[in-house]
Amino acid sequence: MKYFIIIFAISFSILSATSIYDIQYTTAPTGGTYPSLYEGQVVTTGGIVTGINYSGGRFFISSSTGGSWNGIYVYDNGQNVVIGDSVIIEAEVSEYYGFTELSYLNYCNVISSGNPLPDPVIASTNEIFTQEEYESVLVQVTDVVVTQAYDEWSEWHVSDGSGSCIVSTGFVNFQELEVPIILSYPFSNITGIVSFGWDDFRLNPRNIDDLQSADDSYIISISDQYIFSPEEFEIPIYLTSLGEIQQVQSYQFDLAYDQESIEYIGYNLNGTLSSGGSITVDQPVAGSISVTFTGDFSFNQTQTLLKLNFVGVESGTAELDFTAFSIDNIDVNYFSIGEIILQLESTPIGDTLTVIQRPISNIPSIAAPGDELSIVCLAEPATSGWEAILQHQEKVIQLNISSSIYNNDLERWQLTADVPTPDIYELYDLVVSANGIETDTTLNAVKLIPEYKENYYFVHITDAHLPTHIFYPDPQSLIDTTEVNDFREVIKDINLLNPEFVLFTGDLVNEGEMEDFENRRVYTKAQKLLAEFEVPVYLVTGNHDVGGWFSSPPVQGTARHNWWNFFGWNWLQNPPVSEQIYTQNYSFNYGPVHYIGMEAYINYDDYMFNIFGDASFTATQIEWLTNEIQEYSSSLAHVVYYHYDFSDQINLVNMGIDMALFGHIHSNSGSITSPPYNVSTESICDGNRAYRIIYVEDAVLEPTETVNAGWSGDQLYAAFSPENNGLADSLYCFVENSQNLSFPDAQLKFIMPSGADEYIAYNGTIDQIDDSGEFAICYVSFEIPANENISVSVVANIEVSAEDQLIPEISHLSNYPNPFNPSTKISFQLSDIYENESIEIAIYNMKGQKIKNLSPKLCHAEPFDKLRTGSVEVQEENNYSIIWDGTDQADRPVSSGIYFYKLKTANLEKTNKMLLLR
C-alpha cells in the first residue's frame, strides 16, 4: 500500500504539471516587457538542465524538444544539478524587471541524468536581441562578426548583418580568461542561453566551447606588460582559434619594436607551441625582427606561441607592431597588442616617521596663542639641544621649548612649546632639530587659530581607496588614477568651505601592502594628496590600510608595517611594558568637545593574531576608550570616529558617546536627527565624492545629509577671473553652490600684487594678509548661501574717497533668453562717467578661459561697429545691447554649458552667468 501511494503521487505530479511553453508564452506586452500569464502562481514543471552556474550557481531548464518559448530561468543557487539532468520543480513564477523566472522553490527533484540536450534554436542576432520568445532558450547564431569589443562590464557585441546583440557574462567572463575579442573578428557560430536584464536581451555562452571561430581566423595577441627593472624580461605571443583543434606546420612574422625603450636579445621555446619545431630570427634593421618557424603542432583556444626576450632601455611605453604575420601561408588579420610599460627608475619613498611622532600630518594639533604645544619625539635618552620651528611658505615661527623630558617608561621624548601670537594664522609644518639627530619635518602638523570657536563645523570623509580601487594583480591597477581624481574634487570643496578640521575614517589606500611592491608607492602617493588639504586632517586606519590581502605577494603584516612607517607608530609592534597598546588610538579637544580616533580593522592575513585576533578592536582598546571618556568626563560632548565596528563592541549609550562616525560600507546610514548619532558617510571613491558636514553650536552636534562634490566639481564651483596668480590688481571669483547647505565660514585666498596701499574685498571680509612672499595673499572669509551663487572680489591700490563712492557701477547687465539656443541678447546700461572709455565685453567658460571678445570699444551714445558676432544697438541714451550667437573667437559653435559674460571698463567690471542648451 505504501508503494502504491508513492507511485500515485509521482504520477499525479507529472499529470498536473504546467509546461515551460505555457509559462513563457505570451504576446501581450505590459510596461515594455512580456510577463508570464502565471506570474505570482506556484506551478509544477520540468525539463532538461541546459546551463548551470549562471550568476552565482543558478541554472536554466528547457523542454526536451527545445524551441521558442521553451526555456526558463531557475532562480535558486542551492540545487546540485548538472547539465543533462531531467528535473521536476515546484516553484513560484516571478518577473524580475521583465525576466521570467522560477523562484522560491518548494522542491527540485532530479529524475534522470545524462540526457541529450535539445538542439539550439538557430536565430538571427536581431531576433535574439528583440524577441521575447528566445528568453532563457538555448540558441545559436551563425556567421557573425564582432561589432564591439569588451566594454567596461566585459560584454561584447556580434552581428550577422541583421543587427547587433550583446554577448554577456552570465556563465563565464571571457575577458577574465584573457580570451581576445577583436573588432570584426568572425565566428562561424556562437551558442548560448538568452537572458534579460537592464532592458536588454543578452546571449550568454556557457563555456569557451560555445564559441566557434570561422575557418582560418587566427588571433595573435600580446598582453599588457609592466616592467620594473632593466633586467631581461619575456613577452609571450599568444595564438587563438576557438572551437575545433587546428593543425599548424609553419608561421612567419615581422615585428617592429620601440628600440628607444626596449632591446631584443633572444627567444624562449620552453612551454610554447613552437617547442617541437625550429626557429630562425633575423634582424633586418634596427628595431625589427623577422621570425620563421617550421614544424608541426596542434592547438585550440588560446595558447602561447612563442616567448621573446627583451631588456629595458628607458622608462616609458614601448609600442610593438606586427608588420606581417602568416600561418601556413595564410595571412593573419586579427591582432590584440597590449602596452609594454616600463618604470625603470624607482619612485622615491615619501616622508616616513623618524623623530617627530606627534603632531604629524594625520594627527595634527590645533592651538591658539597661549596654549602649550606638546611634541612627542623618538631619540636617544642623551639627546640635547632641542629646537622647534613652525613654517608656512615664507613665514617662520621660532618656538620656545619650555620643557624637554625623556620618559623612560614610554621610551620617548616629551617636548612642550609655548604657542606665540603669529603674524598669520595658518596650517604650519613642524620642524624639529637637536644635537646628534637629523632635522625632521612633518607637513601640515600644526594649525594656529586666533581662538576656539563656539559655533563651527567640521567634515567627515571616508574610503578613498587611493590611488585606484582596482586590485592586484589586474595590470590596470598600476596605471589607473580614478580615485585620485575623486579625492581631489573633495579636497577642493573642503578647502573652499574651510572647516575647522576633517575626520577621515580610514581606507585611505586600497591595498596597504603595495607601498614597496613593484614600486607602487601607494602610501607615498596618498601622503602627497593629504598635503593638498589646507585644513587639519585627523586620520584613522581602515581594513584596507592595515589588513593585508591573502592574494597579494607581500608577506603577512606588510600593510600594517607600511602604515606604521608613514602614519605612526613603529613602537606599536612591540610597545613598552608600561603601555601595552598595539593599536593607534588618540584624542584631541576642540573647546568643550572631546574627539577620539580609534584603529579598526579586519585582520585578513592573521598578522600577530594573538594580539589583533579577528575582532574590530582589541580588549585593550575598549578599556582605553572607557578610561578616555572617564578622564574627560567634564567635556560637554564626546565624538568617536573609526573605520567600522565589525564586531559590535562599542555601545554609544552605555559608554556616554554622543556621536560615532564611521565608513567602510560606502553608503550613508544612521539617523541624523536622533542622538546619540551613529552615522556612516558615503565613500569618496567610485565617483561618489561624498562628504558630511557636522555643525557644532555650543557643544551641540548637528550632522547633516551627505553632499557630493559632483563629477566635474559643479555642485560647489569656484572660478577666478582673471587667473589667481598674483598678476592682476583686480581679481574676481564666482562661487556657485548647488547644495542645500549654507557654509558660513568659507574662505578664499586671493593672490594679489604686493605693496598695495590697500586691499578692498567685496562680498567678503579680509581677515589677514600674508605679504611675506613675492605676492600678497588676502584671506577672504564669506558665507556661501544654500542653492545660490555669490561673487567675491578683491581690488588692490584703490584709494577710497567720498567722490569715489558716488561713482555708479555698471547697471542692468543681463541677457535674454536665458537659458538660450543658439543666441542671446546681452543688455547693459552705462552712466555718463564712461564716455569715451574703453569697454570690453567678453565670454568666458567654466574654467575661466576667455573664448570670445564681443566688442573692442564703446563710445558714449553711439552704437558699436557691426561685428561678425552680431550687432550692438543703442536702445535709448546710455542703454545698449549686443547679441552672442554661441560661437568662439573662430566662429565655431561651443558646447552646451554654463558661460560667463563680463563687461569691463578701466576701473570697474561686472559679470553674469548664462546657460547654453544645445
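**Note on the predicted model**

1. In this predicted model, Glu-411 sits in the loop that runs between strand S29 (400-407) and strand S30 (412-418). Most residues other than glycine have a negative phi, and most peptide bonds are trans.

2. Pro-676 belongs to the loop between strand S39 (659-662) and strand S40 (677-680).

3. On confidence, the protein chain has a mean pLDDT of 90, and 92% of its residues reach 70 or more. Residues 1-15 stay under 50 in pLDDT, and for this stretch the model has four contacts beyond four places in sequence. For residues 798-808 the pLDDT is likewise below 50, and this stretch has 10 contacts in the model beyond near neighbours in sequence. Where pLDDT is low, the predicted coordinates should not be read in detail.

4. Two packed helices are described by the angle between their axes and the distance between the axes. For helix H5 (residues 522-530) and helix H7 (residues 558-567), the axes come within 11 Å and cross at roughly 35 degrees. The crossing of H5 and H7 is right-handed. H5 brings Tyr-523, Thr-524, Gln-527 and Leu-530 to the contact, while H7 brings Ala-559, Asn-562, Trp-563, Phe-566 and Phe-567. By class, the residues of this contact are six nonpolar, three polar and no charged.

5. Rolling a probe the size of a water molecule over the atoms shows where empty space is left. The count comes to three cavities of 30 Å³ or more, and the largest cavity has a volume of about 90 Å³.

6. Which residues lie nearest the centre of the largest cavity? They are Ser-721, Tyr-732, Tyr-844, Gly-848 and Phe-900, out of 13 residues that line the largest cavity. Strand S44 (716-721), strand S45 (730-737) and strand S57 (897-904) each supply at least two residues of this lining. S44 gives the largest share, four residues. The lining of the largest cavity divides into eight nonpolar residues, four polar and one charged.

Conventions:
Residues numbered from 1 in each chain as written. Predicted model: local features only at pLDDT ≥ 70, side-chain atom pairs only at ≥ 80, totals over all residues. Heavy atoms only, no water. pLDDT = per-residue confidence, 0-100. Contact = heavy atoms within 4.5 Å. Axes fitted to C-alpha atoms, helices over the stretch in contact; angles between N-to-C directions. Left-handed = near helix turned anticlockwise from the far one by under 90°. Nonpolar A, V, L, I, M, F, W, Y, C, P; charged D, E, K, R; others polar. 1 Å grid on protein atoms, 1.4 Å probe; cavity = no way out; pocket = protein on both sides within 12 Å on 5 of 7 lines; lining within 4 Å. Points joined across faces, edges and corners; volume = space filled by probe spheres on them.
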